[in-house]
Amino acid sequence: MQVIAVANPKGGAGKSTTALLLATTLAEAGAAVVILDCDPNHPIAEWRTGESRNPVVVYGDVTESTLHKKIQEVRDTTQFLIIDLEGTASRMTSRAFQRAHLVLIPIQPSTVDANQAARAIQLVREEEDETGRTIPYRAVFTRTAALIESRIEREIAQDLRDANVPCLNVKLCERMAYKAMFTLKKALSEMGNANVAGVPKAIENAELFTKEVVTVLTEEVQVAA
């Protein structure tokens, strides 16, 4: 089982969108996927109350004290476990990082988001010191323009490169379809008759993002071996 934690201390950075896109895309490709919705507002657990036929399993009743038990419960039946973490540093965040094979850190193209992402990276490094093992992580840009890269986005990307922060190449663009997932409580592939603009491009973006995440996981496993 591959454990992916999605974290950024700043609310609204796109953690839940990132987690749900990744999970639903993996599940539609045939993988057994579980999401632990640890966001206090439980947006993904609320999404699961809809009529979506996507097979991803969602647990929204996870607490700091039950996180380890829930991971143990699903490990033998799950290929990908995705943990959508709360927006603040906590023991739950620490425990999730300790079990993670990859930490994804969503960043909107803004200085505030980049500064908060730096806090998430520091938490990863603190857990590495605590556990004595390397915890792979990647920053991922979210809510970016689909066609034109903004000046601030270029500057932040350069700052991350200068700081040796690894970033995913694929960015999650600003798409109405991503917001509609939570409103309609559907997966992207189920929006054909929902009159939502840009669904094919959103699906393509999500699939490229998911493919890169799986590639990174595979490479990290090979390095660890």
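User: Which residue is the bridge partner of Ile 105 in β6?

Analyst: In this predicted model, Ile 105 has Ala 139 of β6 as its bridge partner. Strands β5 and β6 run parallel and are joined by five bridges.

User: What makes β5 and β6 a pair of strands?

Analyst: Pairing requires at least two bridges between the strands. Five bridges join β5 to β6, so the two strands count as paired.

User: Why is the crossover from β5 through α5 to β6 called right-handed?

Analyst: The term applies if, with the strands pointing away from the viewer, the path from the first strand over the helix to the second runs clockwise. The chain passes from β5 through α5 to β6, and this β-α-β crossover is right-handed, so its path is clockwise in that view. Helix α5 (residues 111-131) lies across β5 and β6 (137-144) and runs at about 165 degrees to β5.

User: What makes β5 largely enclosed by the rest of the structure?

Analyst: A residue counts as buried under 20% relative accessible area. Six of the six residues of β5 are buried, so the strand is largely enclosed. Leu 102, Leu 104 and Pro 106 cover one side, while Val 103, Ile 105 and Ile 107 are on the other.

User: How do you know that β1 pairs with both β4 and β5?

Analyst: The criterion is at least two bridges. Strand β1 and strand β4 (residues 80-84) pair in the parallel sense over five bridges, and β1 and strand β5 (residues 102-107) do so over three bridges; both pairs therefore qualify. Ile 4 stands opposite Ile 82 in β4 and has Leu 102 as its bridge partner in β5. For Ala 5, the partner in β5 is Val 103.

User: Why is β1 described as largely enclosed?

Analyst: Five of the five residues of strand β1 (residues 2-6) are buried, so the rest of the structure largely encloses this strand. Gln 2, Ile 4 and Val 6 point one way, and Val 3 and Ala 5 the other way.

User: What makes β3 and β7 edge strands?

Analyst: The open sheet of seven strands has the order β3-β2-β4-β1-β5-β6-β7, with parallel pairing. Each of β3 (57-59) and β7 (172-173) has a single partner strand, so one side of each is left without a neighbour in the sheet.

User: How do you know that α3 and α4 are in contact?

Analyst: Contact means heavy atoms within 4.5 Å. Helix α3 (residues 67-74) and helix α4 (residues 91-99) pack at an angle of about 30 degrees, with their axes 10 Å apart. Leu 67, His 68, Ile 71 and Gln 72 of α3 and Met 92, Arg 95, Ala 96 and Arg 99 of α4 make the contact. By class, four residues are nonpolar, two polar and two charged.

How values were computed
Residues are numbered from 1 along each chain as its sequence is written. This is a predicted model: local features need pLDDT of at least 70, side-chain atom pairs count only at pLDDT 80 or more; totals for chains, interfaces and linings use all residues. Side-chain values use heavy atoms; hydrogens and water are left out. Axes are lines fitted to C-alpha atoms, for helices over the stretch in contact, and angles run from 0 to 180 degrees between N-to-C directions. Helices (H or I, at least four residues) and strands (E, at least two) are DSSP runs, numbered from the N terminus. Ala, Val, Leu, Ile, Met, Phe, Trp, Tyr, Cys and Pro count as nonpolar, Asp, Glu, Lys and Arg as charged, and the others, Gly among them, as polar. Buried means under 20% relative accessible area, exposed over 50%, partly exposed in between (1.4 Å probe, protein chains only).
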